[in-house]
Amino acid sequence: MSNPAIQTRHAQPNLLPVVRRVIEQLNQLFIDHFGLLGKGLVDDVFNQWLRAGKTGPSGLRHYVYALGVQLEEPAVRNDFTERAERLLLHLQSGYVS
């Protein structure tokens, strides 16, 4: 019997290294706002984002939006979105840590 995790890994598109780094930063930012329970949400949102196929740098705003809607409290969602947008601005300027 085949392992579904391995099948999922093979089905994932090849993400650019810069996109992977930004995703990791966005995921950590989300978990910082949501708490450790947010890890499962991050995984779900990431998988949905992958399936949508907009996985290049321009698709990162879709990812930010998808994470943001998971935060029910408007002030927390706004704070997350503002910080995430700053990360994306750094990406656009050519600086990604």
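**Helix α4**

I started with the buried residues of α4: Leu60, Tyr63, Val64, Leu67 and Gly68. Buried means under 20% relative accessible area, exposed means over 50%, and partly exposed lies in between (1.4 Å probe, protein chains only). Helices (H or I, at least four residues) and strands (E, at least two) are DSSP runs, numbered from the N terminus. How are these buried residues placed around the axis of α4? They fall within an arc of 135° seen down that axis, so they line one face of the helix. I took the arc from the directions that run from the helix axis to the C-beta atoms. The cover over the buried residues of α4 includes α2, α3 and α5.

**Ground rules**

This is a predicted model, where local features need pLDDT of at least 70, side-chain atom pairs count only at pLDDT 80 or more, and totals for chains, interfaces and linings use all residues. Residues are numbered from 1 along each chain as its sequence is written, and side-chain values use heavy atoms, with hydrogens and water left out.

**Whole chain**

I noted 5 helices and 0 strands in the protein chain. The pattern along the sequence reads α-α-α-α-α. The chain has 97 residues, and buried residues make up 28% of them. I then turned to contacts, meaning heavy atoms within 4.5 Å. Among contacts between residues at least 6 apart in sequence, 66% join residues at least 24 apart.

**Core**

Next I looked up the largest nonpolar core. A nonpolar core is a set of buried Ala, Val, Leu, Ile, Met, Phe, Trp, Tyr and Cys residues joined through side-chain atoms within 4.5 Å. In soluble globular proteins, nonpolar side chains tend to be buried together. The largest core here has 22 residues, of which Leu26, Trp49, Leu60, Tyr63, Leu67 and Phe80 touch the most other members. α2, α3, α4 and α5 each give two or more residues to this core. The largest share, 7 residues, comes from α2.

I followed up leucine 26. Setting aside neighbours within four places in sequence, leucine 26 is in contact with Leu60, Tyr63, Val64, Leu67, Phe80, Ala84 and Leu87.

**Aromatic rings**

A pair of aromatic rings is described by the distance of the centres and the angle of the planes. Rings of Phe, Tyr and Trp (its six-membered ring) pair if their centres lie within 6.5 Å; planes under 30 degrees apart count as stacked, over 60 as edge-to-face and the rest as tilted. I get 5 aromatic pairs by this rule. One of them joins phenylalanine 30 and phenylalanine 80, edge-to-face, at 5.8 Å centre to centre and 85° between the planes. This pair links distant parts of the chain, with phenylalanine 30 in helix α2 (residues 17-34) and phenylalanine 80 in helix α5 (residues 74-92), 50 residues apart. Phenylalanine 30 is buried because its relative accessibility is 0%. Phenylalanine 80 is buried because its relative accessibility is 0%.

Phenylalanine 46 and tyrosine 63 are edge-to-face because their ring centres are 6.2 Å apart and their planes stand at 90°. Phenylalanine 46 sits in helix α3 (residues 38-52) and tyrosine 63 in helix α4 (residues 60-68), 17 residues apart. Both phenylalanine 46 and tyrosine 63 are buried. Ring pairs also link Phe30, Phe34 and Phe80 into a cluster.

**Pocket**

Rolling a probe the size of a water molecule over the atoms shows where empty space is left. My search used a 1 Å grid over the protein atoms alone: a cavity is a set of points where a 1.4 Å probe fits but cannot get out, a pocket is an open set with protein on both sides within 12 Å along at least five of seven lines, and lining residues have an atom within 4 Å of a point. Which residues lie nearest the centre of the largest pocket? Arg20, Ile23, Glu24, Asn27 and Phe46 do, out of 11 lining residues. α2 and α3 each give two or more residues to the lining. α2 gives the most, with 5 residues.

Asparagine 27 is in helix α2. Is asparagine 27 buried or exposed? Asparagine 27 is buried, at a relative accessible area of 16%. Apart from residues up to four places away in sequence, asparagine 27 touches Val42, Tyr63 and Leu67.

Histidine 62 is in helix α4. Histidine 62 counts as partly exposed, at 43% relative accessibility. Beyond its neighbours within four places in sequence, histidine 62 is in contact with Trp49 and Lys54.
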